[in-house]
Amino acid sequence: MFHRVCPESSTPRIRGNAGLEVTPEYLKKTIAFLRQNNYEIVSLSRIDKLINSNNIAKKFAVFTFDDGYADNYIHAYPILKEHEVPFTIYITTNLPDGEAILWWYLLEDLVLRKNQIEFQLNGRNHQYSCTSHLQKEWAYQEIHKLILNGPSSELNQRILQVFKNYNISLLKKTFEVALTWEQIREMSKDPLVEIGAHTINHHALSKLTDSAVHKEIEGSRNKIESKIDQKVEHFCYPFGTSNEVGEREFEIAKKYGFKTSTTTCAANIFSEHKNLLERLPRLAINQKRDNGNINYLNLWLNGTLPCILNKLKRVL
Ligand SMILES: [Zn+2]
């Protein structure tokens, strides 16, 4: 699982956001590492065949990119094409539609730029001192929590409140970092690329009503299909941990007939997953977590770290 592929930034960053990014060099290293270690990099559409036996005969890996960031087209696509790596990009449709407020990036800019942040939320005055980088990291985390804390239906109001005192265009980051439909269409014509759905608004599905979950899944699938003129066969649950997705969501995704649906649960794929294609776990490629050392990837791939994280149980 990847999110963004961005060249190293020379300016300070907030850790949480920077953790979703790998550099183009690290992407190349990941491809080389997998191939040197005899992993075949395959498309998502091939994995049902590969695991449809009691023993998985060969080691394989699948590349997925979540959300739909422009850097996937600008920085990742040329590398993946050059190395003939198939991949899937999951699109949250309000990104290319230009309607998503990427508040976590707006918040990062704000705490990095200001020495003091003040806003009113839930009838309370909030004030954060942001002079040192440590304070900025702390303020970011606290405000991040405040924004997420509460019903999804009121998320936009909370965002408006937090940024109210600062003259910020809420859609500024969206135009900077989201893929355009033009770019998505172009990539979708390449046999290496599969476009998957990742809902309309990237809400935690478990917090929504049944009909809202249907709307989020079906709406994003239909929109993408109409834009790329192809069937969308793969789905990815927003956030994707057991807090945001469970049996109800798995059943709904199955009803829509996706070939596969993926979570963010950190685990390996076993042959048992042949009957659980609506809940495939994934391993994050995280350059910061692994200290930029590609060899740590082996501890994830060979199951050592997933095994510890999942308390010695296979995640099925
Ligand atoms: Zn996502």
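In this predicted model, strand β8, spanning residues 193–197, is mostly covered, with 5 of its 5 residues buried. Val 193, Ile 195 and Ala 197 point one way from the strand, while Glu 194 and Gly 196 point the other way. Both sets are buried, Glu 194 included. Strand β5 (residues 87–91) runs parallel to β8 and is joined to it by 5 bridges. Within this pairing, Tyr 90 stands opposite Gly 196 of β8.

The domain assignment divides the chain into domain 1, made up of 4–99 and 178–309, and domain 2, covering 103–173. The contact between the two draws 10 residues from domain 1 and 11 residues from domain 2. On the domain 1 side, the residues that touch domain 2 comprise 4 nonpolar, 4 polar and 2 charged. The C-alpha centres of the two domains are 28 Å apart.

Helix α5 comprises residues 103–113, and its buried residues are Trp 103, Leu 106, Leu 107, Glu 108, Leu 110 and Val 111. An α-helix has 3.6 residues a turn, so residues three or four places apart point the same way. The cover over the buried residues of α5 includes α1 (15–18), β6 (116–121), α6 (133–148), α7 (155–163) and α8 (172–177).

Two packed helices are described by the angle between their axes and the distance between the axes. The axes of α5 and α6 come within 10 Å and cross at roughly 145°, and the crossing is right-handed. From α5, the contact is made by Trp 103, Trp 104, Leu 107, Glu 108, Val 111 and Leu 112. The α6 side contributes Lys 136, Ala 139, Tyr 140, Ile 143, His 144 and Ile 147. By class, the residues of this contact divide into 9 nonpolar, 1 polar and 2 charged. Trp 103, Leu 107, Glu 108 and Val 111, which take part in the contact, are also among the buried residues of α5.

Backbone torsions were also considered. Most residues other than glycine have a negative phi. Asn 38 has a positive phi, near 65°. Asn 38 lies in the loop between α2 (24–36) and β3 (40–42), and is exposed because 9 other C-beta atoms lie within 10 Å, against a limit of 12 or fewer for an exposed residue. A positive phi of about 55° is likewise found at Asn 291, not a glycine. The loop between β10 (260–262) and α12 (297–301) holds Asn 291, which counts as exposed with 8 C-beta neighbours inside 10 Å.

Note on methods: Residues are numbered from 1 along each chain as its sequence is written. This is a predicted model: local features need pLDDT of at least 70, side-chain atom pairs count only at pLDDT 80 or more; totals for chains, interfaces and linings use all residues. A residue is buried if 20 or more other C-beta atoms lie within 10 Å of its own, exposed if 12 or fewer, and partly exposed in between; C-beta atoms are placed from the backbone. Helices (H or I, at least four residues) and strands (E, at least two) are DSSP runs, numbered from the N terminus. Two strands pair if DSSP finds at least two bridges between them. Two residues are in contact if their C-beta atoms, placed from the backbone, lie within 7 Å. Domain bounds come from an automatic or database domain assignment. Ala, Val, Leu, Ile, Met, Phe, Trp, Tyr, Cys and Pro count as nonpolar, Asp, Glu, Lys and Arg as charged, and the others, Gly among them, as polar. Axes are lines fitted to C-alpha atoms, for helices over the stretch in contact, and angles run from 0 to 180 degrees between N-to-C directions. A crossing is left-handed if the near helix is turned anticlockwise from the far one by less than a right angle, and right-handed if clockwise.
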